[in-house]
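Please read them alongside the sequence and the coordinates.

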Amino acid sequence: MSTLMDLPPFQTFLEEQRVAVYRFLLATVGPGAADDCFQETFLSALRAYPHLREASNLRGWVMTIATRKAMDHWRRARRRPVPMDELPERAAPGPADAEPAIWDAVRRLPPAQRAAVVHRYVLDLPYAEIAVALGCSEEAARASAYEGRKTLRGLVGEAFDPGRAVLEGSHR
């Protein structure tokens, strides 16, 4: 069993995990909220880090925090009123993605499906780690990814291939 002594310095931990966490947040909450969710994730991790008892699955631990921060963002966004007399014009085009239609569709998925699809097809996590991040069983994680894929096929057409489209557009 790992102990506190086995934990790397927080800066080392941050450097090892930051790319995967940011990719997950970018894909799930979009470029406008990814930075804020990233900061919230690592601030929460920093506060809890000295109290960790095990160092065996730090990636799973921080991805759980990131998933919860993304879900908090989605809940806040759903409650936020958006009063408008007219639709504003976009000041500039959004960030270029390999497949913008797929990313728009991913962001329209229900939160659990969205997180499961990104964890599985962008970050290539096994279902056991996805289950930990989502706080559910491995079977539920597998079902969320499956339902997300099925919904994405309906939204972007039969040409959807998660192994190609999502990974190519994931900013590797």
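1. Fold. Read along the sequence, this predicted chain runs α-α-α-α-α-α-α-α. The secondary structure comes to eight helices and zero strands; helices (H or I, at least four residues) and strands (E, at least two) are DSSP runs, numbered from the N terminus.

2. Basis. This is a predicted model, in which local features need pLDDT of at least 70 and side-chain atom pairs count only at pLDDT 80 or more, while totals for chains, interfaces and linings use all residues. Residues are numbered from 1 along each chain as its sequence is written, and side-chain values use heavy atoms, with hydrogens and water left out.

3. Confidence. The average pLDDT (the predictor's confidence in each residue, from 0 to 100) is 81 for the chain, and 77% of the residues score at least 70. Helix 2 (residues 31–48) has the highest mean, 95, and helix 8 (residues 165–168) the lowest, 44.

4. Over residues 92–97 pLDDT stays under 50, and the model has five contacts beyond four places in sequence for them; contact means heavy atoms within 4.5 Å. Residues 164–172 also stay under 50, with 26 such contacts. Where pLDDT is low, the predicted coordinates should not be read in detail.

5. L25. Beyond its neighbours within four places in sequence, L25 is in contact with G30, A34, C37, F38, T41, A66 and A70.

6. Cysteines. The structure holds zero disulfides, a disulfide being a pair of cysteine sulfur atoms within 2.5 Å. C37 is buried, at 1% relative accessible area, whereas C136 is partly exposed, at 30%. Buried means under 20% relative accessible area, exposed over 50%, and partly exposed in between (1.4 Å probe, protein chains only).

7. Totals. Of the 172 residues in the chain, 42% are buried. Among contacts between residues at least 6 apart in sequence, 72% join residues at least 24 apart.
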